[in-house]
Amino acid sequence: MENQKIMDRMKVIAFRLKDQEYGVDVNQVNSIERLHGVTKVPKTVDFIKGIINLRGEVTPVINLAERFGMGESESTENSRIIIVNLGQMQAGLIVDSANDVIDIPTDMIEPPPQILHEVHEEFVHGVAKLDNSLLVIVNLNKILGENEIEQLKEIQ
């Protein structure tokens, strides 16, 4: 019975883009780093900000707000890079801030609504209702297309 309770919950890393809360499955997150030392790489799409040297590994960095079509966010003291697994590779996602780990009962997660204003529906796994707010859960497997993944592999 104890395992059933664990299976009925999803742990997410909560983060902020613009004025909205988002989350990603904690199982796909390797670490959360301060935003610094991004080296630009020429001839990449606008939302690929460059690469960082993360403990000896070259890691591509994506501005998630730009990827979602929300424009570029200004870097602040709270800006973070969430290091995630995207299929067979590691990448960093620039976010305005990374807040906490939230444990969400899976029955609180609803499918994405038909019309999403800020983020295209394909990027969204679901929406969780938390107290007086909504948490948009990002589907990391959908944030990049095949061409973009190939471009990231080339700059690694």
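The model is predicted, with local features requiring pLDDT of at least 70 and side-chain atom pairs counting only at pLDDT 80 or more, while totals for chains, interfaces and linings use all residues. Residues are numbered from 1 along each chain as its sequence is written, and side-chain values use heavy atoms, with hydrogens and water left out.

**Exercise 1.** Determine the strand order of the open sheet and identify its edge strands.

*Solution.* Strands are DSSP runs of E with at least two residues, numbered from the N terminus, and two of them pair if DSSP finds at least two bridges between them. Under these criteria, six strands form an open sheet ordered β8-β1-β2-β11-β10-β9, with mixed pairing. The edges are β8 (97-105) and β9 (109-110), each of which pairs on one side only.

**Exercise 2.** Describe how β1 is joined to β8.

*Solution.* Strand β1 comprises residues 9-17, and seven bridges join it to β8. The two strands run antiparallel. Within this pairing, Ile-13 has Val-101 of β8 as its bridge partner.

**Exercise 3.** Count the aromatic pairs and classify that of Phe-15 and Tyr-22.

*Solution.* Rings of Phe, Tyr and Trp (its six-membered ring) pair if their centres lie within 6.5 Å; planes under 30 degrees apart count as stacked, over 60 as edge-to-face and the rest as tilted. This rule gives three aromatic pairs. The ring centres of Phe-15 and Tyr-22 are 5.8 Å apart and their planes lie at 20°, so this pair is stacked. Phe-15 and Tyr-22 are both buried (under 20% relative accessible area, 1.4 Å probe, protein chains only). Ring pairs link Phe-15, Tyr-22, Phe-68 and Phe-123 into a cluster.

Methods: Helix = DSSP H or I, 4+ residues; strand = E, 2+ residues; numbered from the N terminus. Buried < 20%, exposed > 50% of the residue type's maximum accessible area, 1.4 Å probe, protein only.
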